[in-house]
Amino acid sequence: MKSCGVSLAAAAPAFSDEEKKMAAGKPRGKTKEGTLSLTAEEREELSGLDSLLFGFLNLHENGAKTETLLLKAVCCYESLILKADGKVESEFFCQLGHFNLLLEDYPKALSAYQRYYSLQSDYWKNAAFLYGLGLVYFYYNAFHWAIKAFQEVLYVEPSFCRAKEIHLRLGLMFKVNTDYESSLKHFQLALIDSNPCTLSSVEIQFHIAHLYETQRMYHSAKEAYEQLLQTENLPAQVKATVLQQLGWMHHNVDLLGDQATKESCAIQYLQKSLEADPNSGQSWYFLGRCYSSIGKVQDAFISYRQSIDKSEASADTWCSIGVLYQQQNQPMDALQAYICAVQLDHGHAAAWMDLGTLYESCNQPQDAIKCYLNAARSKSCSNTSMLTGRIKVLQAYKAHHPNTEPVLGLSETPISQQPLPVHMITYSEVDDLSSPAKRKRISSPAKYLEQLRTDRDHLNPTQKLMLQQLESQFVLMQQGFNKGQNSHLPGSNDEQPSFSTDPALYLQAASTNIQTSHRMLPTSSITQGIAFNHLSHTATSGDQQGICCTKESTPSGNRSFVPEISSHTEDTPNGCAGVKGFSNRVQQLMAEPICSPNSRDSTSPNLISDNPQMSSLLIGKANESMMTGACDKVNSIHPESHTKTNNSVASLHSSVISTTAAKSADQTTTLGVTSISSPHIRLQTVNGKGLENSNSSKNTSLPMISRKPDSPIIPSMSVSIYSNSTEVLKACRNLDKNGLSNSHNLLDKCPPPRPPTSPYPPLPKDKLNPPTPSIYLESKRDAFFPPLHQFCINPKNPVTVIRGLAGALKLDLGLFSTKTLVEANNEHTVEVRTQLLQPADENWDPTGTKKIWRCESNRSHTTIAKYAQYQASSFQESLREENEKKMQHREYSDNESTSSDNGRRRKGPFKTIKFGTNIDLSDDKKWKLQLLELTKLPAFVRVVSAGNLLSHLGHTILGMNTVQLYMKVPGSRTPGHQENNNFCSVNINIGPGDCEWFVVPEGYWGVLNDFCEKNNLNFLMSSWWPNLEDLYEANVPVYRFIQRPGDLVWINAGTVHWVQAVGWCNNIAWNVGPLTASQYKLAVERYEWNKLQSVKSLVPMVHLSWNMARNIKVSDPKLFEMIKYCLMKILKQCLTLREALITAGKEITWHGRTNDEPAHYCSICEVEVFDLLFVTNESNSQKTYIVHCQDCARKASGNLDNFVVLEEYKIEDLMQVYDQFTLAPSVSSSSS
Ligand SMILES: [Zn+2]
């Protein structure tokens, strides 16, 4: 705990004098000035209170005393700050932030943390601060920032005692952001941790199951849910929720059996769910839907009725009731029900649709039009084109029948007891009607708030919290967030009562999905005669699914319903109100995941904004209205730190440019470059200038120092790396022996890595399409000419195309042709990516309506023989199409056909294509001739060479230090990425077709990372295809060129790139690591960034650094310093950990290494584990040696009882390697 918090004692000195005076004068009461003061005991108690106790401090039951103390402390601190005119020590603000956080006064907590942040430059060393800040951001749904804060906590302190809570919340946030892979990882990390957190492990398991369901992995989901049901003593609420999910899933998902079985299963599950929790309005609603779909009308009505009785009124329930009435030919009742629905949720597209058709069936086209307009306006409506078509038809009809306005028919409908005949309710009145739903229950947040306010003094803690949340909610709403019709806009969701615990509100929010699934069954079972159907028939061309105003008649509605786990946590003794609010919000979030397969590509319609602008806007607004004014830049906590550094980055930048520009220009002249401009026409017209020009322009430079000067992963050598290993050892022995945390070594902690901000100043628009550095080879001599190597590894050249390489070296590329590959190994495995054939340089959503970044492809496997067949038939098919097109041309002699062809393709649907990728050519028996041929290449691009860092690993990393093959048809896409750990890559096009490349310099990866975040994509893990217009807007230069057969593309360290095949071709590729400072630095930086992002680094940089020290003579002082620094850091960590384990009485078992033993990774969190491996007793005795890192081992077994510690290296050996690694005298020739 001691490492986690900033104690009050530390903060106190600034005030101690004053405090003492005050305490001496009036120890308990108020001072003359009316200021409270704290007693010594109180201070002592306060010193133990910080953000770590959030969710674990039961303020409302036994903690009344603590609450009083916290309130007093806040008062006291505030008045002291006031008196000191704000000139107090920064820790004071941090502590104030903690107190306010524990009191759940979020605006004040944020304000105080913000002050601390602005005063404390190394705030990132304070894990408790970052954690508290993350919790506040989480509360405000500012997930973008919450994720950053939480990731930084784990980075600066991997052993953080609330790591489990962080993983849980990261899992939830990534789930909302549709980054399911990361979400699952964090849930699993939370699950293995035996420490307490605010959700129980069955609840976490539930989220994992729900995550599968969200991803449409229904069988996995079903299995996981069923497994949960087997849990002993499963809490009733969890059980009810699991059963509810299973029930609804069976109702919706075709995969789970035939219709009849599914429905009866669904009903059984839902009934069981209601046994566990009879008060779930949601389960009743689902049950109603199930009954409705099998025609049990009476049961359906009863269930809906129950739903309305049990829960707050919901638009969906009323809408479903309306449908049921309409099926029963009771339009009056249907009308009322729909009106309830749209009053509860003005953006409820399905209800508007239904209301419209109802009006239409009653010959009130004018009113119908208005309803359709409302439906079309709703964001939850995706089929607007159909609607607008219908509106036009009605308008035309009206024009021809101007006098049909009054109502026909309905007055004859045998409905009694209707207070308002349908013909008297016109659209304009709909909005003003007091709906039965509203009359019956308090259904609007406003009403609820009102009621809570009235009873303010008699509220239980939960209600109090709710009141507080609603109040802040309303402040936001009053500020214009609440624009009724936009209630489903992704960005405007903040107006949704997402902080509220009112289930009605949750349901409203969930309605986007419910209404979609709502379309599925009720409408399809409507009797044919009803007017209701006629719209659907016109619109969906006979689609039995019905109107389908929203296209998601696919089973998606189930995803919206998320478990009311909150009501359960509420009751757990330590659950505390914070958790309740928290899980409620989480429910809210889950209410709106992906809607249909088609809409997956669209920006996710999450309820909370993941958009930083929106989030900061939200917080900014909150700030204006709710904060005390102490905080004036709430929304800029992180951005500020970026802007601070812009200038220094820029100046460093330009100095690098000026020195290196001249050099590379020289080199290329000696190489006899015939042309440097890209063959691509667009480039030539934009700037067909020479190389000098491109080199002196800033855009082509790769900043050597792209990192913020104040946050180097490898800092400048303030700590001497020249001290020998004995001194290092001595220093480590003097460390605090109690602390097992390896963060307490002599070195300062490294600040968490951050992506670089966009290089400054921004490039002018006319420099955004730079010509690609290209070198034409004419002879073998050219290829081996050393300056070629220098040119490629020059950080100023993000990419180099070596043209005609195969020809110059007389490489037999035929060895990699599809024909030869089939002859050699026809059964060899090919990974297949099924992709959409997109227009040349664009990426559209599957419906062809808008350009997006997400670029999904499904993975499967086949053989070389089968892919070869596909490749060939694709070619023949294309020839045939070409011929047909020519024929058509002749027939119509139509010049427009090409342009109209483009237009048509844009609108989709897109053809699917298959891309054969990652074909492993590592086996030197299978691929002997091929691999032998590649040894003809110059050393610096060879798969294996002394100057290639990846050759010093001592083991294979498939695809990195081995060759991979790609088999393509036109349109095959390799989405945007940097290479693993920013290594360089070599790619040779075998032909016969061309490939087109898009390349962005390393320094802009932060900008691309931002774009990915904005698009709910994970820069490292997701598949994305940049929108060139976005990049242009953001002043990101893009190199674009064609790679012809025989051309080698050299991708420099860290360069971002994406590639698509123009024709039919094969490519071969692998990575290399030149022995340069820039390569090493970028690799280490990515290693750290991966750690922050919980992504595995394929290159084990620690292992590699030690191998480099053993095997390589380094003469570049810069590279040497970096390696030596890393070695020292690792050595210190090993020594410290070793000492600490021994002190704690933990035995260390010698294990040693075999020669080609690969580097080790933690089987849980995937960080590299060096030297000391934590292996469970079982795994050790079975000799499976499943490795854990120390932190994961301790999460599973606090005192490591269940683990043995295996030692890989003798400390003396490491010390010797460290001492013997010295700067080699510089050799005049180049590094390889
Ligand atoms: Zn681990």
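The model is predicted: local features need pLDDT of at least 70, side-chain atom pairs count only at pLDDT 80 or more, and totals for chains, interfaces and linings use all residues. Residues are numbered from 1 along each chain as its sequence is written, and side-chain values use heavy atoms, with hydrogens and water left out.

Start with the whole chain. Colour it by secondary structure: there are 49 helices and 19 strands. These are DSSP runs, with helices being H or I of at least four residues and strands E of at least two, numbered from the N terminus. Of the 1232 residues, 60% count as buried, meaning under 20% relative accessible area with a 1.4 Å probe, protein chains only.

Next, select Leu1031 and Trp1106. They have the most contacts inside the largest nonpolar core, which has 130 residues. Such a core is a set of buried Ala, Val, Leu, Ile, Met, Phe, Trp, Tyr and Cys residues joined through side-chain atoms within 4.5 Å. Helix α46, residues 1117–1143, gives the largest share of this core, 12 residues.

Stay on Leu1031 and show its contacts (heavy atoms within 4.5 Å). Leaving out residues up to four places away in sequence, Leu1031 touches Trp853, Val1000, Leu1008, Phe1011, Pro1026, Val1036, Val1038 and Trp1058.

Finish at helix α9, residues 163–176. All 14 of its 14 residues are buried. Step on to Thr178, which follows α9: its phi is positive, near 60°.

Definitions and conventions. Buried means under 20% relative accessible area, exposed over 50%, partly exposed in between (1.4 Å probe, protein chains only). The expected span of a helix is 1.5 Å times one less than its number of residues.
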